[in-house]
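Let's walk through this fold one piece at a time, starting with how the strands line up. Keep the model open as you read.

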Amino acid sequence: MRRLKATIAYDGTNFAGYQVQPKQRTVQEEIEKILTRMHKSDETVHVTASGRTDARVHALGQVIHFDTTLNIPVDKYVTALNVQLPGDIRVLHMEEVASDFHARYSVHGKQYRYIWSCTKIADPFRRFHTTPTNGQKPDVARMQQAAQHIIGTHDFSCFCAANTSVKDKVRTVEALDFEWHGEELHMIIRGNGFLYNMVRIIAGTLWEVGISKREPAELAQIVASMDRAQAGKTAPPQGLYLEKVHYPQ
């Protein structure tokens, strides 16, 4: 029995999210279906991810692990999976790891990217992969100023969906930056962990700062309040990407 770690990418457009759900198309189900077929098993070969992503959220560097009895070399394993997986999921890299490696519990940190398309005429080829702004361009300096109140270790209850069951909402945001890529504005955020909808709520709140619906200094009050009602709207899912998952060396 070997434990394999795989880095995968997927276009979340046509998925109900990563995690298996009844009567819904999910990333986990597609991968497990192929692995179970490869193992000729009567029982599902389960995969474990670094965390789940919601419907229409994308991944550039999601990490999963699974145990296998097959003696296929890892490079051949990548090929064997990719020729059977649907075109909106790809295995990018695979390696054998120690039996105590866990895709979720061994995580040291994650990096997400959120993308707004600020073109006046929406690009039809990017409509499922960015959040359109109908030509509105924010003041990024204001957004960066507001972001300074988010960086650090805080109780981030204000940026967490109300229906979560997680009790400990203290997380550390290590970096939060903005970049222009042509007419697209990218927000890159890195931290030791993120709560349910945390990145999308941060994105939605900072966008409101950028278009002068809020003042940058308000972010300090919002974080201190630990009240979801004080933060902005949850940004749409199609602009969000799980970009990297970090593990201890």
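S117 stands opposite P132 in strand 6. That contact belongs to a parallel pairing: strand 5 (residues 109–117) and strand 6 (residues 131–132) are joined by two bridges. Strands here are DSSP runs of E with at least two residues, helices are runs of H or I with at least four, and both are numbered from the N terminus; two strands pair if DSSP finds at least two bridges between them. This is a predicted model, where local features need pLDDT of at least 70, side-chain atom pairs count only at pLDDT 80 or more, and totals for chains, interfaces and linings use all residues. Residues are numbered from 1 along each chain as its sequence is written, and side-chain values use heavy atoms, with hydrogens and water left out.

Strand 5 has other partners too. With strand 9 (residues 184–191) it runs antiparallel over eight bridges, and Q111 sits opposite R190 there. Strand 10 (residues 240–246) is also antiparallel to strand 5, through six bridges, with L240 as the bridge partner of Y114.

In a regular strand the side chains alternate between the two faces of the sheet. For strand 5, both faces are covered: G109, Q111, R113, I115 and S117 are buried on one side, and K110, Y112, Y114 and W116 on the other. Buried means under 20% relative accessible area, exposed over 50%, and partly exposed in between (1.4 Å probe, protein chains only).

Now over to helix 4, where 13 of its 13 residues are buried. Just after helix 4, S212 takes a positive phi of about 65 degrees.
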